[in-house]
Each structure stands twice: as structure tokens, then as C-alpha cells.
Amino acid sequence: MDERDIQIFQTLMETKNVTKTAQALYTTQSAITKRLHKLEEELGGPLFLRSVKGLIPAPSADAIAGEMEQLQASLQRIKSLSQYAQGRIAGHLKLGVSVNYARYTLPDLLKQYMTDYPEVQISVTTGQSLDLFTRLQEGKLSLAVLRGHFPWSGQSRLLSKEKVYAVTSKEHKGIPFSRLPYIHRQSDKPFMARIQRWKLEQHITDSPSSIQVNDIATCLAMITSGIGWSVLPEICLKGRDDLVEKALTFRDGTPFTRSTFVFYQEEYAQLPQVKIFLERLERGCCTY
């Protein structure tokens, strides 16, 4: 059994389909089937049951799935440490990055890292913080840059704490928010709850016209066009002089802020490629 066998097993567990697994791993169905048969012989029994709808994991497959993930992580650590001992920074770096951080902060940092360490194999998954946190818990990520607090038993570092603003176009300056359409932007539930708390404290009710959007870029475009107003974090407002921004404070005097953390397991931080990336993450952010 080697790393490729583990990768095939994990992909089969996810897709339940030989064809989709072959496509995902850029190989042929016959190659996947051959490696699977060899792995089953080595382990002494079938891992999947064949059906007209695809593959069904056998009890043995469910039993070893967690061990396979740990074995893959161990093999990657061994390889990375061996390469580092030879004076090379290589290995895998599996990042999970929240959408806004990935859009506004990550590109420059990642470009420089890839230039300095071209041998590191990097995979980046972007998405909502809660989804990425689940992947981190499952051991599918080396580290995750997430917005907000999560009940994590591993290590974490605060990367930044930014202000949150009510944002309108210049043409709407001075108009009460309740008279403008509110642009609802999809985000994580804790942040949405804090927005609602602030609006209730300010006795702000949404106008009859409101708009629901899925991403921050669309929200900003609508605000700029004079359609309405929204509540947005500072990360997406840098360099914008075409908007009216009001820093928000709760009724008890607490500033409305948005925190970004990096979460990771301590053993991953020992890997040279991960350690270097963590250091650059911290240098690239400021906490205030």
C-alpha cells in the first residue's frame, strides 16, 4: 500500500463511483479497478460492494477510513521532514480559506510563497467558514483561515480584527437606512446575528424592498449603483473612496468588529512548508 492507494480509496469513498474517481485522479477506470483489487487482496477482503448504482462501502471500508486519513497524513509528514533534512522545502500544503480573505488578502501572499517555494504542492479550498471548519476537523486541511470563533481543540492564532461598517453610496448620504433597500449578503450565522442585533439596537427596520445576494462583490456593485445599503467588514472596503462608510458600535459601546483566525493541528505546524506559511500569514496581517 502506498500514498496513491490511499488517495484512490478516499476518492472512492467520496464518489462511490469508479468512473468519477478515475476522472478526479486523471487516470483510467481500468487502472483504478486494478489498484483497488490489489489493495483488497493486501487487506484480505472486499472494501466495496458493486451495485447497479455504483459502489457501496463494505463494513471494512468504513472501519479503516479514519486510519487511512491518519496514515496519509503520517506519510506526508515523513516525506516533508525528509525533504527538509535534504535542504528542500516541499511536500503538501492544503489550505482552507474563507471567501473574503481568499478574495482580498490571500492572492499576493500566496503568489510570493509559490515563487519562493515552487516544490510545495498547494491546494486551496475556499468557502463559508463553517464548511471549511468541518473539513479541518475531518483532517482534510493542513490549516484553515476562518472568519469568527469556532470550538477548536487544536491551535489557533488571531490574524486580524477589523471594523464593520454601514455602507451606502454618496448619493444616499444622510438618508435614513430604513428608507433605503437593505442588501442582504449571505454570510455565517453568528455574523448575521450580530448584524441583526445592531439593527434592532438602532431601531432600524428594513424597507419594503430588500435584496438577497450571495457574494460581497455583487453587494458592493449594488451599493455603488445607488440601489441600497448594507453592513460590510473593512476587508472589502480598502481603497474605496466612492462610498460612505460609518463604523458601527453596539449600544453598550463595544465596537462592531470581525475577527479572522487561522486554525491548525500542532503536528501540522511542525512541517516546514506549513510553519513557513503560518509565519507569513501572521506577518501579512495586523491586529488592531
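Modeller: Helices here are DSSP runs of H or I with at least four residues, strands are E runs with at least two, and both are numbered from the N terminus.
Biologist: Fine. How many helices and strands are in the protein?
Modeller: The protein has 11 helices and 11 strands. This is a predicted model, in which local features need pLDDT of at least 70 and side-chain atom pairs count only at pLDDT 80 or more, while totals for chains, interfaces and linings use all residues. Residues are numbered from 1 along each chain as its sequence is written, and side-chain values use heavy atoms, with hydrogens and water left out.
Biologist: Where does F9 lie?
Modeller: F9 is in helix α1.
Biologist: Is F9 buried or exposed?
Modeller: F9 counts as buried because its relative accessibility is 1%. Buried means under 20% relative accessible area, exposed over 50%, and partly exposed in between, with a 1.4 Å probe and protein chains only.
Biologist: What does F9 touch?
Modeller: Leaving out residues up to four places away in sequence, F9 touches L39, L47, F48, A61, I64, A65 and M68. A contact means heavy atoms within 4.5 Å. F9 and M68 are 59 residues apart in sequence, with 8.4 Å between their C-alpha atoms.
Biologist: At what angle do α1 and α3 pack?
Modeller: Helix α1 (residues 3-15) and helix α3 (residues 29-43) pack at about 105 degrees, and their axes are 10 Å apart. Axes are lines fitted to C-alpha atoms, for helices over the stretch in contact, and angles run from 0 to 180 degrees between N-to-C directions. The two helices, α1 and α3, are therefore roughly perpendicular, the class for 65 to 115 degrees; under 35 is roughly parallel, over 145 roughly antiparallel, and the rest oblique.
Biologist: And which residues meet there, in α1 and α3?
Modeller: From α1 come R4, D5, I8, F9 and L12, which meet I32, R35, L36 and L39 of α3.
Biologist: New topic. How many disulfides are there?
Modeller: The count is 0 disulfides, a disulfide being a pair of cysteine sulfur atoms within 2.5 Å. C219 is in none, and the nearest cysteine sulfur, that of C236, is 7.7 Å away.
Biologist: Is C219 buried or exposed?
Modeller: C219 is buried, with a relative accessible area of 0%. C236 is buried too, at 4%.
Biologist: Which residues are buried in helix α9?
Modeller: In α9 (residues 216-224), the buried residues are I216, C219, L220 and I223. They fall within an arc of 95 degrees seen down the axis of α9, so they line one face of the helix; the arc is that of the directions from the helix axis to the C-beta atoms.
Biologist: What covers the buried residues of α9?
Modeller: The cover includes α5 (99-104), β6 (155-169) and β10 (243-247), among others.
Biologist: What follows α9?
Modeller: G226 follows α9, and its phi is positive, near 85 degrees.
Biologist: Where is A90 found?
Modeller: A90 is in the loop between α4 (59-85) and β3 (92-98). A90 counts as buried, at 4% relative accessibility. The C-alpha atoms of A90 and Q273 are separated by 6.5 Å, although these residues are 183 apart along the chain.
Biologist: Last one. In which strand is S259 found?
Modeller: S259 is in strand β11 (residues 257-264), and S259 is buried, with a relative accessible area of 10%.
Biologist: What do buried residues make up in the protein?
Modeller: Buried residues make up 44% of the 288 residues.
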